Amino acid sequence: MTPGYLAPDEYDLLSLIADEHTVPGADAVDLFLAACEADAKAHGWVSVPRVRLALAGADIPPARLSSLWGHFTGDGKPMRRIEGCFDDNDGGTIRNGNKTYPRRKWVG
C-alpha cells in the first residue's frame with residue numbers, strides 16, 4: 001500500500017463514521033436560532049432574557065449561549081442590534097440582574 005492512501009476496507013469504515021458524524025454543538029446553534037426567530041415573530045424584536053428563558057431546559061452552557069449572541073449579531077448575520085433600545089433582566093434567570101441587554105432585530 002502506498003503511504004498516505006487508505007486500503008479499501010479502511011476507506012469504507014471511515015466513510016461510515018463520517019456519515020454518522022455531526023458537528024459538536026450544532027443542536028445548540030439550531031435551538032438558539034429557532035428561539036431567536038420565534039421571539040422576534042412573537043414580539044417584534046429579539047430579547048436576550050426571553051430567549052434565555054425559552055432555552056432554560058436546553059442544557060446549553062451559559063458561556064456557549066453568550067458566545068452565540070455575538071456570533072449571530074451584526075452585518076451579514078441573522079440579527080442586528082436596535083440602536084438605543086434595551087431590555088432589562090426581567091426574570092432573574094440571568095446572573096447579572098441589573099444588566100440591560102440590547103434588543104435585536106431578526107433579519108434572517
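Tutor: Let us begin with exposure: a residue is called buried under 20% relative accessible area, exposed over 50%, and partly exposed in between. Please bear in mind that this is a predicted model. By that scale Lys 41, at 67% relative accessibility, counts as exposed.

Student: Which residue meets the side chain of Lys 41 in a salt bridge?

Tutor: A salt bridge requires a side-chain nitrogen of Lys or Arg within 4 Å of a carboxyl oxygen of Asp or Glu. Here the partner is Glu 37, with an N to O distance of 3.5 Å. Glu 37 is partly exposed, at 29% relative accessibility.

Student: How many salt bridges does the rule give?

Tutor: The count comes to four. Another of them joins the side chains of Asp 39 and Arg 50, at 2.7 Å from N to O. Asp 39 belongs to helix H2 and Arg 50 to helix H3, so this pair ties together parts that are 11 residues apart in sequence. Asp 39 counts as buried at 8% relative accessibility, whereas Arg 50 is partly exposed at 21%. A further salt bridge links Arg 80 with Asp 75, at 3.8 Å from N to O. In that pair Arg 80 is partly exposed, at 26%, and Asp 75 is exposed, with a relative accessible area of 70%.

Student: How should I read the nonpolar interior?

Tutor: In soluble globular proteins, nonpolar side chains tend to be buried together. The largest nonpolar core of this model has 18 residues, of which Phe 32, Val 51 and Trp 69 touch the most other members. Helices H2 (26-43), H3 (48-54) and H4 (62-71) each supply at least two residues of this core. The largest share, seven residues, comes from H2. Leaving aside neighbours within four places in sequence, Phe 32 is in contact with Val 51, Leu 55, Leu 65, Leu 68, Trp 69, Phe 72 and Met 79.

Student: Which residues of H4 are buried, and how are they arranged around its axis?

Tutor: The buried residues are Leu 65, Leu 68 and Trp 69. Viewed down the axis of H4, they fall within an arc of 100°, so they line one face of the helix.

Student: Finally, how does one read the backbone angle phi?

Tutor: Most residues other than glycine have a negative phi. Asp 59 has a positive phi of about 60°, although it is not a glycine. Asp 59 is located in the loop between H3 and H4.

Student: Is Asp 59 buried or exposed?

Tutor: Asp 59 counts as exposed, at 71% relative accessibility.

Technical notes: Residues numbered from 1 in each chain as written. Predicted model: local features only at pLDDT ≥ 70, side-chain atom pairs only at ≥ 80, totals over all residues. Heavy atoms only, no water. Core = buried A, V, L, I, M, F, W, Y, C linked by side-chain atoms within 4.5 Å. Buried < 20%, exposed > 50% of the residue type's maximum accessible area, 1.4 Å probe, protein only. Helix = DSSP H or I, 4+ residues; strand = E, 2+ residues; numbered from the N terminus. Contact = heavy atoms within 4.5 Å. Arc of directions from axis to C-beta.
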